[in-house]
Amino acid sequence: MMGDEGLCYTVDDALLALGFGNFQILVLAYAGIGWVSEAMEMMLLSFVGPAVQSAWNLSPHQESFITSAVFAGMLIGAYSWGIVSDKHGRRKGFLITATVTAAAGFLSAFAPNYLLLISLRCLVGIGLGGGPVLSSWFLEFVPAPNRGTWMVVFSAFWTLGTIFEASLAWIVMPKLGWRWLLALSSLPSSFLLLFYKVTPESPRYLCLKGRTTDAVNVLEKIARLNGRELPSGILVSDNQIELYDTGNPSEGTNLLSAGKNDGEPPEGVVSNLGGVSSVLMLMSAKLASGHSKCVPHNLDRGKSPDVSYKDVFIASFAELPGLLLSAAAVDKLGRKLSMSTMFFLCCIFLLPLMFHQPEGLTTSLLFGARICITVTFTVVYIYAPEIYPTSVRTTGVGMASSVGRIGGMICPLVAVGLVHGCHQVLAVLLFEIVALLSGVCVMFFPVETMGQDLRDSLSSLNNINST
């Protein structure tokens, strides 16, 4: 209740009343296809690189650049599509990314030479950079009490994508070759385009932009599909609740009724954030090995190490226990403790690999390390969208994702170079240091988001942090 002016409710109140039902299942399926697509496009790099090296007589460094080009594109895309979706809507954001990914992915199967292949895979990376847009879009439909669990379920689509890609490579590569694998792997992104017209815009985004009638229409559709009823009253934003609670609402501040769209966002919320202003808001303090002899070498051109599709397929299943562990921990231990614990456990699993170990033990240790990293990856994609307000959510998650892509660009070049240069210990030590520092940094994060409602503006988030 808001004073004597009648009942009101926020998007969080509506989602809590409507629950997680058929509507959210459909949204989950659509966003999940996008996550499967991204996982497949990333996983295929393990198979395409060696095959192209052999077919085109590439050097190891040229092979590494195929992977680095994708991550370079993702660095650009993650930042760019976040700004687009915060300014123009989530739907427009993932429409563009799906189009770029599907088109560039399919065309890369017909690349006649190395330079064109690199260029097209970079474009694929730019499209894949829109992954955080889909995760944020899905997150904004999930009631707060169920958010952690259902975001883990959403992350399971990534595992499904890696397993499916490994299976596809196992079948396609020996008989049809790498070009067919590239073409077939682009299909999931095309499915996003087929069903795009029926996807709804985020009601939280619509409410933030002052498009209250549109937001109510989406919420009414959720109510019909879920068999529930909306709360009584009129829809308002978090910012309006705060203005009223302070007892000093500015002149002309009216409750947003379902009868009209004001066309203007609530006061205190930046409507048309450009790239620079979005970044400035994000920077606000308010957001808060072996016994065998090792000889340095370069792989001969025309030769590539055999890829064991069976081993890669089996290794992909390491993510399944990671997902189960994420589901068990994220809403009990919290986001921060779950991530920091898994980073430190990853260090423990990797430490013995600085020395020669039997093959079976090495596989087991890597299996354990991958479980830990799967948990951190899953939880961070829950935690990151929860930190940022709706006005800059996808920009914030996109920027964080783009920074992570720097590691993806450097890793193939540095790690491969260290291993080929007989510096396996340094390669493992590098991963140890990165994981350890990451775990320490997580411990100093100022906010725990478990169980909290999503916030629409910077001021509302600041109020939460101060309580």
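**Exercise 1. In which helix does Ser-340 lie, and is Ser-340 buried or exposed?**

Before starting, note that this is a predicted model, in which local features need pLDDT of at least 70 and side-chain atom pairs count only at pLDDT 80 or more, while totals for chains, interfaces and linings use all residues. Residues are numbered from 1 along each chain as its sequence is written, and side-chain values use heavy atoms, with hydrogens and water left out.

Step 1: Ser-340 belongs to helix 17, residues 335-350, where helices are DSSP runs of H or I with at least four residues, numbered from the N terminus.

Step 2: Ser-340 counts as buried because its relative accessibility is 6%; buried means under 20% relative accessible area, exposed over 50% and partly exposed in between, with a 1.4 Å probe and protein chains only.

Step 3: The Ser-340 side chain reaches the backbone oxygen of Leu-337 at 3.3 Å.

Step 4: Apart from neighbours within four places in sequence, Ser-340 is in contact with Gly-439, Val-442 and Met-443, contact meaning heavy atoms within 4.5 Å.

**Exercise 2. Describe the phi of Asn-57 and the place where Asn-57 lies.**

Step 1: Asn-57 is found in the loop between helix 3 (45-56) and helix 4.

Step 2: Although Asn-57 is not a glycine, it has a positive phi of about 55 degrees. Most residues other than glycine have a negative phi.

Step 3: With a relative accessible area of 42%, Asn-57 is partly exposed.

**Exercise 3. Work out how helix 4 and helix 6 pack.**

Step 1: Helix 4 (residues 60-88) and helix 6 (residues 114-128) have axes 6 Å apart and pack at an angle of about 35 degrees; the axes are lines fitted to C-alpha atoms over the stretch in contact, and angles run from 0 to 180 degrees between N-to-C directions.

Step 2: The contact includes Phe-65, Ile-66 and Trp-81 of helix 4, together with residues of helix 6 including Leu-117, Ile-118 and Arg-121.

Step 3: Sorted by class, the contact has twelve nonpolar, five polar and one charged residues, where Ala, Val, Leu, Ile, Met, Phe, Trp, Tyr, Cys and Pro count as nonpolar, Asp, Glu, Lys and Arg as charged, and the others, Gly among them, as polar.

**Exercise 4. Find which residues join helix 7 to helix 8.**

Step 1: The axes of helix 7 (residues 131-139) and helix 8 (residues 147-172) come within 11 Å and cross at roughly 145 degrees.

Step 2: From helix 7, Ser-135, Phe-138 and Leu-139 meet Arg-147, Trp-150, Met-151 and Phe-154 of helix 8.

Methods:
Helices (H or I, at least four residues) and strands (E, at least two) are DSSP runs, numbered from the N terminus. A polar contact is a pair of N or O atoms within 3.5 Å; within protein, one must be able to donate a hydrogen and the other to accept it, and residues adjacent in sequence count only if both atoms are side-chain atoms.
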